[in-house]
Each structure stands twice: as C-alpha cells, then as structure tokens.
Amino acid sequence: MDLQRWRLLCVLAVNFLFHGICHSEKAPDYTFLHDAVSAPAVSFYDYIVVGGGTSGCALAATLSRGAAVLVLERGGSPYGNPNIEDMANFIANLGDTSLNSPSQQFVSEDGVLNTRARVLGGGSALNAGFYTRASKDYVKKAGWDDKLVEESYEWVERKVAFEPPVLGWQSAVREGLMEAGVTPDNGFTYEHLFGTKAGGTIFDRSGRRHTAANLLEYAQPNNTDVRLFATVHKILFSTVGERRPRAYGVIFEDKEGKMHGAYLRKKAGNEIIVSAGAMGSPQVLMLSGIGPMQHLKNHGLKVVLDQPLVGQGMADNPMNALFVPARRPVEISLIQVVGITRFGSYIETASGSSFGYQIGRPGTMPPPVRGFVNVSLQGGLILEKIKGPISKGHLELRTTNPKHNPSVTFNYFKDPEDLRRCVQGMKTIIDVLNSQAMSSFRHEDFPVEALFSIMVASPVNLRPRHPTAAISLKQFCIDTVMTIWHYHGGCQVDRVVDRDYKVIGVDSLRVVDGSTFHASPGTNPQATVMMLGRYMGQKILQERASNKVKTVK
C-alpha cells in the first residue's frame with residue numbers, strides 16, 4: 001500500500017473514531033452560521049480560517065471532518081439575497097454600494113474600477129459563474145498531486161457546477177469562434193483545451209447561483225462555527241520560548257464594534273489559515289506585522305517578520321470588450337462559451353437586456369457593467385482576456401483599518417507581450433463579428449468601427465482617452481482596459497508561502513487562496529480556487545493523521 005493511500009485511510013479512521021457517522025446539513029439551513037455579535041469574548045479551535053470565501057468555504061468544510069474549525073467572514077450570508085441568487089440580477093449585485101453589500105468597490109492606481117467580495121462564498125457570490133478547470137500544464141507547474149486535484153475538482157463539481165443551456169447568442173458566438181479559426185470544437189467540458197468549448201457554470205437551469213458557501217454542505221456541523229460580519233484586525237504571534245514567531249490566535253471585530261479573541265487549542269498541528277483573497281490576505285498579513293519592515297513602521301505597526309515580498313506580484317488579467325447591439329432578441333446569459341486561442345487570449349461573451357448600452361452613465365457601477373445599464377436595448381458583450389498576465393504590480397496599506405481597501409497597482413500592459421495578446425484577441429473578436437454565424441444578430445447601423453468608437457466614448461474606467469484609441473488596437477487596449485475580477489498574487493508560492501502554503505519564517509500559519517498564484521488558472525479561476533481549498537484541506541488532514549494529532553470529540 002503506497003504512502004498516499006495509507007494517509008487517506010488514516011484520515012478516514014480518525015474521522016470514524018471521533019465522529020462516528022458524520023451528518024451534514026443542506027444550504028441555506030446551516031445551524032452553524034452565526035452573526036459575530038453572538039460570539040464569545042474568548043473561544044478556542046483547532047483551525048481558524050480567516051475568510052469564508054471561494055477557497056475558505058471548501059477548506060473549512062474539509063477540515064471540519066477531522067477537527068474543530070472557526071471561519072471568520074467579514075461579510076454576510078449569500079442566502080436570501082435575490083441579487084446574489086438570481087442570474088438576471090448580476091449587474092444589480094455588483095452595483096450594490098450599501099454599507100454591508102456583497103461587493104466592496106475599489107479603484108486601482110491604474111485608474112481601473114474593480115470590486116472585492118464581502119460575503120460568505122466570496123467571489124463566487126459576485127462573478128459571472130463560469131466554471132472551468134486549470135490546464136494540465138498549470139497543475140504540473142504548481143507541483144500539485146494529479147490524482148488529488150482530480151478528486152478535489154469532482155468534489156466541488158458535485159455541489160456547484162452545471163452544464164449551461166447555450167442558446168441563440170452563445171451558440172452564434174461559439175460558431176463565430178470556429179469560423180475565426182479558434183478550433184477544434186471541444187463540445188462541453190470542464191477541461192482547459194485549445195479551441196472553442198462550452199464550459200460549466202455555477203448557475204443551474206433555473207438561473208439560480210450556487211456559491212462556494214454550498215460546499216459547507218460537506219461540513220461536520222458539530223465541528224463548524226462560521227461567524228458572519230467578523231472583521232479580523234490581526235493575527236497574534238508568540239515569540240517567547242519559540243525558535244521563530246508562532247501564530248496562536250486572532251482578534252476580530254463584530255458589526256457592533258465589539259472585539260473578540262479566537263485562539264488555537266494547545267495541540268501540535270493546529271493552525272491559522274488565511275483565505276481572505278488577493279486583496280485581503282496580504283492586507284491581513286501586513287496588519288499582523290508580516291510585510292516590508294519600513295512600510296509597516298510607517299503605519300505604526302509592530303514588525304513580527306520583515307518580509308518584503310508580501311504584497312508583491314499583484315496581477316489582474318486585463319479585459320477589453322465590445323458591446324454589440326442585436327437586431328433581434330437575445331437570451332439573458334453570462335459566461336458559457338470560451339475560445340481558448342494558442343496566442344494567449346481567451347474570448348468569452350455574455351448577453352441579454354442587462355447589457356444594454358448607455359453612454360455617459362458615470363461611476364455608478366464597476367466595469368464591465370458600467371455603462372451597460374439601459375435595459376431597453378438588446379445585445380451582448382464579447383470580450384477578450386489575456387492569460388497570465390506577465391505584467392505585475394504591488395499592494396500597500398492605505399490605513400491600518402482592516403475595513404478600508406488597500407492601495408493596489410496592477411501595471412496593466414507593462415509587459416509588451418500582454419499588449420500583443422490583447423491586440424490579437426481584439427482581432428479575433430472582429431473576425432467573430434464578421435462571421436456568418438453572427439450575421440443574424442448584427443445590426444446594420446453598427447459597423448465594427450462604430451462599436452470601437454462607442455467603447456472609447458463610454459466610461460468604462462478612469463483612464464485618459466487618446467484620439468487614436470478608436471483606430472489603433474494597441475491604444476484601444478490601453479485606454480479601455482477593464483477588470484474581469486481575476487486578480488491574484490500578493491502572497492505567492494515560493495516567495496511568501498512554501499509549497500505546503502505555510503508562511504515562510506513563522507509557524508502555525510498558512511495562506512490558501514488566489515493570493516498565492518503566479519498566474520490566473522485556466523480561463524476563469526474560481527473552479528481552481530475552490531479546488532485548492534479542498535485539496536489543501538485534505539493535505540492538512542493527512543498531515544494531521546500522519547503526525548497522530550488528536551482531534552476533537
């Protein structure tokens with residue numbers, strides 16, 4: 001029997017000995033969801049997960065099968081919110097600027113509007129729903145175990161992934177991609193393959209969203225405590241009698257301003273795991289004293305570990321798009337079809353009344369929805385996103401208030417290869433628009449040149465416009481760049497964390513989320529972010545079992 005199988009058997013044995021036959025609960029009727037206001041002043045757990053997002057939910061659900069887990073989520077529940085649950089309300093969800101909205105908007109130093117999740121389920125409660133796996137090459141470069149990756153993807157897919165209907169508009173774009181040479185036709189698949197395919201979606205056939213919070217259906221209820229509206233201020237470290245700083249607890253604030261302390265039980269192997277996303281995880285580390293020494297001192301923070309690479313390697317895959325008015329009705333659809341080119345650009349589309357075009361709608365919503373809010377005009381958005389990207393930026397604290405957004409610079413198109421890929425992607429979109437497949441939708445009053453001019457004139461970002469942007473694809477890419485919310489980095493593997501996602505230089509602390517990525521996986525990252533939570537949860541439980549760490553009864 002190989003070591004991997006032996007460890008898995010150990011995990012199963014531990015679960016059986018200490019839990020008997022585990023029972024689960026169905027969303028949204030979890031008994032372990034609580035407002036942080038009701039949390040005790042002091043509590044103890046085997047694992048504390050900072051962030052109940054796309055990775056954190058999968059991680060916590062897995063860990064709870066063998067240990068007591070606390071999840072601290074700064075936002076609320078996705079359940080019962082029609083803006084989150086109904087696909088038709090996608091734009092309204094992103095545009096919600098209320099105090100405790102699921103979407104916390106920010107503007108990067110590049111002048112590109114963006115948003116970060118503030119809700120249980122994380123970005124899976126905000127995004128356009130596309131579900132597709134990372135490439136085999138990505139998995140290999142990450143050093144992940146192929147078999148466990150496959151099992152982890154399947155574990156996720158049983159709860160949240162569906163085959164989309166692919167109706168009129170989506171089918172036409174799919175055929176247009178084929179005409180444009182993005183071949184072969186790979187049918188429906190979750191796999192990352194060159195050519196054109198229909199991928200999965202987290203929206204079921206009734207248009208209802210299934211977020212990463214649904215993965216908590218796998219959780220052991222008696223071992224799971226999820227606290228909502230719980231804002232973590234800092235991680236606590238012990239240095240006395242330790243060979244290096246060891247994380248032992250966190251301080252968090254409830255929505256009424258009361259502070260609480262959550263601590264690790266004094267058992268070997270217990271850990272704090274940060275899963276607060278690419279904006280939140282480096283921010284939490286810095287607020288806890290792990291980061292560039294001088295930057296921390298400038299904010300009056302006590303330095304636990306001088307780690308200049310925290311906040312570095314920030315990247316956001318640039319997106320550019322054309323809105324295409326249609327001369328006949330189109331279905332309401334989000335991302336379902338993708339063309340995976342060999343030159344490093346991914347072509348996707350969304351359609352329906354929610355994407356009607358209106359010039360001069362300033363600043364009310366984040367891109368790519370800003371400016372596309374007139375429900376009276378039918379059409380679709382065809383976009384390209386480049387892989388990678390190669391261009392990198394950085395993140396810094398603005399203040400020491402954990403509720404405030406940090407400052408982030410992505411340096412879109414700093415590397416010329418990123419710009420070349422964008423230009424090639426836009427050329428492919430032009431070919432799709434001129435295809436026979438799209439002819440029944442194309443409006444004769446809007447030639448391709450007019451579509452470019454419309455985009456240049458629309459307020460999709462806060463960047464300056466140049467006169468040549470409507471005629472130069474390079475300038476168009478630079479001037480009209482938007483986000484597709486696939487930003488990552490800040491706590492990268494081999495820089496801030498090791499290959500086991502343990503923070504280098506301290507003990508009992510890991511980071512498990514998209515902040516550890518060097519590049520965005522696949523065409524859309526959410527499947528892999530959820531997979532990573534499950535994958536690392538299994539790895540951690542295997543390590544716990546092999547070290548004969550006792551778990552709670």
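Strand β20 (residues 337–340) pairs with β21 in the antiparallel sense over three bridges; two strands count as paired if DSSP finds at least two bridges between them. This is a predicted model, in which local features need pLDDT of at least 70, side-chain atom pairs count only at pLDDT 80 or more, and totals for chains, interfaces and linings use all residues. Residues are numbered from 1 along each chain as its sequence is written, and side-chain values use heavy atoms, with hydrogens and water left out. Helices (H or I, at least four residues) and strands (E, at least two) are DSSP runs, numbered from the N terminus.

| Pairing | Sense | Bridges | A bridge pair |
|---|---|---|---|
| β20 with β21 | antiparallel | three bridges | Gly-339 with Ile-347 |
| β21 with β22 (residues 379–386) | antiparallel | seven bridges | Ser-345 with Ile-386 |

β20 and β21 form a hairpin with four residues between them, and Gly-344 in the turn has a positive phi of about 100°.

In a regular strand, side chains alternate between the two faces of the sheet. Both faces of β21 are covered: Ser-345, Ile-347, Thr-349 and Ser-351 are buried on one side, and Tyr-346, Glu-348 and Ala-350 on the other. Buried means under 20% relative accessible area, exposed over 50% and partly exposed in between (1.4 Å probe, protein chains only).

Now to the helices. The axes of α2 (residues 56–63) and α13 (residues 526–546) come within 7 Å and cross at roughly 30°; axes are lines fitted to C-alpha atoms, for helices over the stretch in contact, with angles running from 0 to 180 degrees between N-to-C directions.
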